[in-house]
Amino acid sequence: PSLGVVLVAAGNGERLGAGVPKAFVELDGRSLLEHGIRTILALEHPGQLVVVVPRARAAEALAVSHGLGAGQTRWRVSVVSGGRERHESVRFGLGALHDSVDTVLVHDAARPLAPAELFERVIAEVHRTGDSVIPALPVSDTLKQVDDAGVVHETVDRSSLVAVQTPQGFPRETLVAAHETAQLQEDEPGAQAPPTDDGEVVQRAGGTVRTVSGEMRAHKLTAPHDLLLLEALLAAEAA
Ligand code: CTP
Ligand code: MG
């Protein structure tokens, strides 16, 4: 049995607006991509890491993984080019998995501080249940449903809502089949909006998706203020 990790790093980072693709932005002197690859190469379960980056960054991504000593680990690293949308990048990553992989994690490079324990927690729950598993945290804001004009229609009951993170874990066959189903549905008239995480891809295909508790440190870098939060988390750990 072996693990495959698809690290998606092919987005443009438009909301961050750093002028370079987000995974190549630095946090504490290292790119987000480097933070993610380091954590993954140190996991207890070695396997295959597929890094998905913008086409023009492929050589650089390979160099980063070599620089981190990937050759001296039991990991095998592949780099592939991404797609226009996240789910397309995931699909390209899945296409590069070796036959021996039976459990897949999909992780956002934009969550550079997601700790190894979170990866291990997700893997353990996939192995225990045979289902798909995503990390989730309670929502703290009060949530409202509004219309196009911004007028409030109702307050949404928060007690059954969670905010989800990555890494998300799946039996390989489940995730691959769900992405194939999603791809067929994409071309139909009246297709749904693209899924923003893999849990949704599986759930739309009728699979069971379970949650495990997420981590504050798996926070996603989306806008400039998130960089301040991640820097503060790093500083608190170093202290
Ligand atoms: N991603 C990807 N390929 C895409 C779009 C996104 O691999 N075509 C990856 C990003 O690199 C990121 C993760 O998916 O690690 C989550 O996406 P998001 O936070 O939306 O990143 P970006 O798409 O880069 O940011 P933005 O939406 O602000 O442009
Ligand atoms: Mg995006």
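This is a guided tour of the structure above, stop by stop.

**Before selecting anything**

The model is predicted, and therefore local features are described only where pLDDT is at least 70 and side-chain atom pairs only at pLDDT 80 or more, whereas totals for chains, interfaces and linings use all residues. Residues are numbered from 1 along each chain as its sequence is written, while chains are lettered from A and ligands numbered from 1 in the order in which they are written.

**The whole chain**

Begin with the protein chain in cartoon view, where seven helices and 12 strands can be counted; helices (H or I, at least four residues) and strands (E, at least two) are DSSP runs, numbered from the N terminus. Along the principal axes, the C-alpha atoms fill a box of roughly 55 × 40 × 35 Å. The radius of gyration of the protein chain is 18 Å, which agrees with the value near 18 Å for a compact globule of 239 residues; this radius is taken over C-alpha atoms, and the globule rule is 2.2 Å times the number of residues to the power 0.38.

Of the 239 residues, 37% count as buried, a residue being buried if 20 or more other C-beta atoms lie within 10 Å of its own, exposed if 12 or fewer, and partly exposed in between, with C-beta atoms placed from the backbone. Among contacts with a separation of 6 or more, 74% come from residues 24 or more positions apart; two residues are in contact if their C-beta atoms, placed from the backbone, lie within 7 Å.

Next select Val 6, Leu 7, Val 8, Ala 9, Leu 33, Val 51 and Val 52, which touch the most other members of the largest nonpolar core, a set of 51 residues. Such a core consists of buried Ala, Val, Leu, Ile, Met, Phe, Trp, Tyr and Cys residues joined through C-beta atoms within 7 Å. Centre on Val 52: leaving aside neighbours within four places in sequence, its contacts include Val 6, Leu 7, Val 8, Ala 9 and Ala 10, and also Ser 89 and Phe 92.

Move to Val 50, in strand β4, which counts as buried with 25 C-beta neighbours inside 10 Å. Not counting residues up to four places away in sequence, Val 50 touches Gly 4, Val 6, Ser 78, Val 80, Gly 93, Ala 96 and Leu 97.

Select residues 32-41, helix α1, of whose 10 residues eight are buried. The buried set holds Leu 32, Leu 33, Glu 34, His 35, Gly 36, Ile 37, Thr 39 and Ile 40.

Then turn to helix α2 (residues 58-67), in which Ala 61, Val 64 and Ser 65 are buried. Looking down the axis of α2, these buried residues fall within an arc of 95 degrees, so they line one face of the helix; the arc is that of the directions from the helix axis to the C-beta atoms. They pack against α1, β4 (47-53) and β5 (76-81), while Ala 59, Ala 63, His 66 and Gly 67 are exposed on the other side of α2. Just after α2, stop at Gly 69, where phi is positive at about 80 degrees.

**Around ligand 1**

Which residues come nearest to ligand 1? Of the 22 residues around it, these are Val 8, Ala 10, Gly 11, Arg 15 and Ser 89, where near means that a C-beta atom, placed from the backbone, lies within 6 Å. The shell has seven nonpolar, seven polar and eight charged residues; Ala, Val, Leu, Ile, Met, Phe, Trp, Tyr, Cys and Pro count as nonpolar, Asp, Glu, Lys and Arg as charged, and the others, Gly among them, as polar.

Asp 28 sits in the loop between β2 (26-27) and β3 (30-31), and has a positive phi of about 55 degrees although it is not a glycine. Asp 28 is exposed, with 12 other C-beta atoms within 10 Å.

In the loop between β5 and α3 (86-95) select Glu 85, which is partly exposed, with 14 other C-beta atoms within 10 Å.

Pro 167 lies in the loop between β10 (162-164) and β11 (168-171), and the peptide bond joining Thr 166 to Pro 167 is cis, with omega about 10 degrees.

Finish at Pro 224, in helix α7 (residues 224-238), which is exposed, with 11 other C-beta atoms within 10 Å.
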